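Colleague: I'd like to learn how to read strands, sheets and helix packing in a model. Could you take me through one?

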Amino acid sequence: MTPSTTVDVLVMGAGFAGLCAAIKLDEDGERDLVVIEKGSDVGGTWRDNTYPGAACDVPSQLYSYSFAPGDWSMSFSPQPEIQAYLQRVARESGVLDRFVFDTRVDGATWDEAEQRWMVETTGPRGSTTYAARVVVSATGGLSEPKLPDIEGIGDFGGELFHSARWDHDTDLAGKRVAVIGTGASAIQIVPQVAGTAGHLDVYQRTAPYVIPRHDRSYSRLERVALRHVPGMQNLYRTAIYWGREAYVPAFTRQPKLAWPAKKMALANLEKGVTDPELRARLTPDFEIGCKRILISNTYYPALDRDDVEVVTDRIERVTPTGIVTADGTERPIDVLIVATGFFTTELPVTEHLVGRTGETLAAQWKRTGMSAFKGTAVANFPNLFFLVGPNTGLGHSSMVFMIESQVSYLRSVLRSMREGSWAEVEVHAEAEHAWSAGLQRRMRRTVWHTGGCASWYLDDQGRNTTLWPRSTFAFRGTTASFDEDAFRLTRRRRTTRTTP
Ligand code: N01
């Protein structure tokens, strides 16, 4: 394979993680860097999820880069503000000329002789193969929409779309609409569709816990103070950060500590839904925290409307004109919205990454479970680093904090490579396995395993390969510097040093 372009670092993805990496590596003097992005803009999930009501459920001050304060109008930012923030940060950072948009990575193969990744891409001007010394995968953990595997869904004759690919050309006014799913996306969509649609059916497989959303607009004075008073933005961040960090990680291992949150959720249900029979069907039957805790003031009142029906009978099949449930009832619909989540444990990108042994990462992870040392490095895949990799997800705090920790780790790896003139760094399989085994041991005692629910946090072997089970500052600590001893370091001339 003849490369058409040689680069030092190739980043896949231009969401929060890819943009952060580009900005920070640029600050380190990394000029030979390219970011490949399949979409036409930065933003990742915040570019793609444009459904009505889309907003962050992590407070704005925390859900932004520590080095780029935002000017937020609300305590929980709506999607358009987050997208505009990312566009502004990208523009002002001066790195946008390294971004190649509308271009897909078709595959990346480690070339042992060249000690480089050969990355094949397809864009508007055809195919390009990059020979990259380092590849950073920043494609996101929740970026590939998953359609439900329901009989007949392909034959549905009306409008059908996924929550993350909202069809803005479909007018819902007066139509019969169904939403499948009751996760974080659905609970934001349902209150927006209710009242516009002629009738709305919400198909619930599992009732979630929904606590109140303490959202408010920032006053003019607050916004000015947050922008201009030195340290003010950081003060807000710190207060919000510790408010979450002090409590939530503790209850993942001691679910009984979560009783205030459970009480809050059940009171929210009681307040929002007047019909006791409906309330019973909306009451979760598992420990709080086992699935993501959702926040909304409008979801329950929307379900309580006369023109909204919560359907809890199992979906049997989809017909060209409606949905048939297990009791044989067919409910006719014009529009079907599937808010059924994303590929989380079988990431499509891994099918196209071929490592040192010739095996794809998807095949390797099929054997071992999705795992990466510190969520970042995988044995047999030298010079490949993940951002938002395995076991770095959070249910309680900001992914941006985790991303900044991982980017800081990446910078320390690249610094070491420069200073030591290492051509290759590859994590030792033993170090990776020890890391993952330690996490899985810790996981067994968490509510995600003991809470009595099925969730996308767990893979088909029952391993939690998505979430970080400790505090976020523990993650920051563990990613503070490059652990050379855990890696095999190889020089350009094939002189190999294996650390003890
Ligand atoms: O997806 P989900 P999501 N038949 O996988 C149901 C982030 N996020 O897009 O619970 C019937 O959570 C499924 O049922 P069950 C956040 O991290 C953040 O809502 O598996 N139902 C579930 O109810 C979040 O966790 C924000 O029984 C089916 C729903 O579909 C993650 O994204 C906003 C089904 C899927 O819920 C994913 O959230 C949005 C089937 N065959 C998302 N298959 C904010 O910051 C699935 N379901 C606000």
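Colleague: In which sense do strand β5 and β6 pair, and over how many bridges?

Modeller: First, a word on what we have. This is a predicted model, where local features need pLDDT of at least 70 and side-chain atom pairs count only at pLDDT 80 or more, while totals for chains, interfaces and linings use all residues. Residues are numbered from 1 along each chain as its sequence is written. Helices (H or I, at least four residues) and strands (E, at least two) are DSSP runs, numbered from the N terminus, and two strands pair if DSSP finds at least two bridges between them. Here β5 (residues 116–123) and β6 pair in the antiparallel sense over seven bridges. Tryptophan 117 in this pairing stands opposite alanine 132 of β6, and two residues lie between the strands of the β5–β6 hairpin.

Colleague: Which strands run parallel to β6?

Modeller: Among them is β1 (residues 5–12), joined to β6 (residues 126–137) by seven bridges. Threonine 5 has tyrosine 130 as its bridge partner in β6. β18 (residues 384–386) also pairs with β6 in the parallel sense, over three bridges, with phenylalanine 385 opposite valine 136.

Colleague: In what order do the strands of the five-stranded open sheet come?

Modeller: The order is β7-β16-β8-β9-β12, and the pairing is parallel. β7 (159–162) and β12 (308–311) are the edge strands with a single partner each, so one side of each has no neighbour in the sheet. From one strand to the next the twist averages 15 degrees; angles run from 0 to 180 degrees between N-to-C directions, and axes are lines fitted to C-alpha atoms, for helices over the stretch in contact.

Colleague: Is strand β8 largely enclosed or open?

Modeller: Burial is a matter of counting: a residue is buried if 20 or more other C-beta atoms lie within 10 Å of its own, exposed if 12 or fewer, and partly exposed in between, with C-beta atoms placed from the backbone. In β8 (residues 176–180), four of the five residues are buried, so the strand is largely enclosed by the rest of the structure.

Colleague: What are the partners of β8?

Modeller: β8 pairs in the parallel sense with β9 (residues 199–203) over five bridges, and arginine 176 faces histidine 199 there, standing opposite it. With β16 (residues 335–338), β8 makes four bridges, again parallel; isoleucine 180 stands opposite valine 338.

Colleague: What hand does the β-α-β unit of β8, α4 and β9 have?

Modeller: A crossover is right-handed if, with the strands pointing away from the viewer, the path from the first strand over the helix to the second runs clockwise. β8, helix α4 (residues 184–193) and β9 make a right-handed unit.

Colleague: How do α1 and α3 pack?

Modeller: Two packed helices are described by the angle between their axes and the distance between the axes. α1 (residues 16–27) and α3 (residues 79–93) pack at about 15 degrees, with axes 11 Å apart. Phe16, Leu19 and Ile23 of α1 make the contact with Leu86, Val89, Ala90 and Ser93 of α3; residues are in contact if their C-beta atoms, placed from the backbone, lie within 7 Å.

Key. Contact = placed C-beta atoms within 7 Å.
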